[in-house]
Amino acid sequence: RFYMLHTSPVWTPLKFDEDGCKEIYSKYISTFKNAYSFFEMYANADNIDPREYNIPAEDRDLIDRWLLSKLNRLVRDVNAAYQEYDLNKVVKAVTEFVSEDLSNWYIRRNRKRFWASELDDSKKSVYITTYEVLEGLCRMIAPVVPFVTDEIYTKLTGEKSVHLAEFPLENTDLINETVEERMDL
């Protein structure tokens, strides 16, 4: 389903390509699962439940604020694309965010924070931010990838199903163009 929506808009004919399907799986599904597995492995090893901590976004590291800004911009764009019934835009935006912003930048640049021996505010912040992003992504893309998102969401939150959760809405207070421009540079 994700492959078909990524390859072309729903109103155009599509010739199925197994290699294309494998490519999309590795670009999005596998990357999303790996991001969750990375988070789960370190949270379990450190015996951390990020929901127990409350560190306001403005008090978190710059890279945390950057990712939250990018996530909220994504929520805004995805909601607009859903309203237009343009699922091609939805999956392309989500794929870009997961593979580039979350996996290639955020997780790779913050490994030392996950590995830190001391549970300081920086380590709590990286866990909280990653949790919020994964949880929001599950709710956002559940209509397109129902089974994968439900599995990750239920493991992540302990809730019954992602399909019973509210759809995410953007938090404009967390969108910060200055932070995004600085990080993008």
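Trainee: How many aromatic pairs does a search of the whole structure find?

Mentor: A pair of aromatic rings is described by the distance of the centres and the angle of the planes. Rings of Phe, Tyr and Trp (its six-membered ring) pair if their centres lie within 6.5 Å; planes under 30 degrees apart count as stacked, over 60 as edge-to-face and the rest as tilted. Searching the whole structure gives eight aromatic pairs. Keep in mind that this is a predicted model, where local features need pLDDT of at least 70 and side-chain atom pairs count only at pLDDT 80 or more, while totals for chains, interfaces and linings use all residues. Residues are numbered from 1 along each chain as its sequence is written, and side-chain values use heavy atoms, with hydrogens and water left out.

Trainee: Why is the pair of Phe 38 and Phe 114 given its class?

Mentor: The ring centres of Phe 38 and Phe 114 are 5.0 Å apart and the planes stand at 85 degrees, so this pair is edge-to-face. Phe 38 lies in helix α2 and Phe 114 in helix α5 (residues 111-115), so the pair ties together parts 76 residues apart in sequence. Helices here are DSSP runs (H or I, at least four residues), as strands are (E, at least two), numbered from the N terminus. Phe 38 and Phe 114 are both buried. Buried means under 20% relative accessible area, exposed over 50%, and partly exposed in between (1.4 Å probe, protein chains only).

Trainee: And how is the pair of Phe 39 and Tyr 131 described, by centres and planes?

Mentor: Phe 39 and Tyr 131 make a tilted pair, 6.5 Å centre to centre with 45 degrees between the planes. Phe 39 sits in helix α2 and Tyr 131 in helix α6 (residues 121-141), so to speak two distant parts of the chain, 92 residues apart. Both Phe 39 and Tyr 131 are buried. One aromatic cluster is formed by Phe 38, Phe 39, Tyr 42, Phe 114, Tyr 127 and Tyr 131.

Trainee: What is the angle at which helix α2 and helix α7 pack?

Mentor: Axes are lines fitted to C-alpha atoms, for helices over the stretch in contact, and angles run from 0 to 180 degrees between N-to-C directions. Helix α2 (residues 18-45) and helix α7 (residues 146-157) pack at about 10 degrees, with axes 11 Å apart. The two helices, α2 and α7, are therefore roughly parallel. The cut-offs are under 35 degrees for roughly parallel, over 145 for roughly antiparallel and 65 to 115 for roughly perpendicular, with the rest oblique.

Trainee: Which residues make the contact between α2 and α7?

Mentor: Contact means heavy atoms within 4.5 Å. On the α2 side you will find Ile 29, Phe 32, Lys 33, Tyr 36 and Phe 39, and on the α7 side Val 148, Thr 149, Ile 152, Lys 155 and Leu 156. These contact residues divide into seven nonpolar, one polar and two charged. The classes are as follows: Ala, Val, Leu, Ile, Met, Phe, Trp, Tyr, Cys and Pro count as nonpolar, Asp, Glu, Lys and Arg as charged, and the others, Gly among them, as polar.

Trainee: Now the cysteines: how many disulfides does the count come to?

Mentor: A disulfide is a covalent bond between the sulfur atoms of two cysteines. The rule asks for a pair of cysteine sulfur atoms within 2.5 Å, and the count here is zero disulfides. For Cys 21 the closest cysteine sulfur belongs to Cys 138, 20 Å away and too far for a bond. Cys 21 is partly exposed at 30% relative accessibility, while Cys 138 is buried at 0%.

Trainee: What phi do Asn 47 and Tyr 85 have?

Mentor: Most residues other than glycine have a negative phi. Asn 47, not a glycine, has a positive phi of about 55 degrees, and Tyr 85, also not a glycine, has a positive phi of about 60 degrees. Asn 47 is in the loop between α2 and α3 (62-83) and is exposed, with a relative accessible area of 71%. Tyr 85 is in the loop between α3 and α4 (87-109) and is exposed too, at 67%.

Trainee: Is Val 78 buried or exposed?

Mentor: Val 78, which lies in helix α3, is buried, with a relative accessible area of 1%. Leaving aside neighbours within four places in sequence, Val 78 is in contact with Val 90, Ala 93, Val 94 and Met 140.
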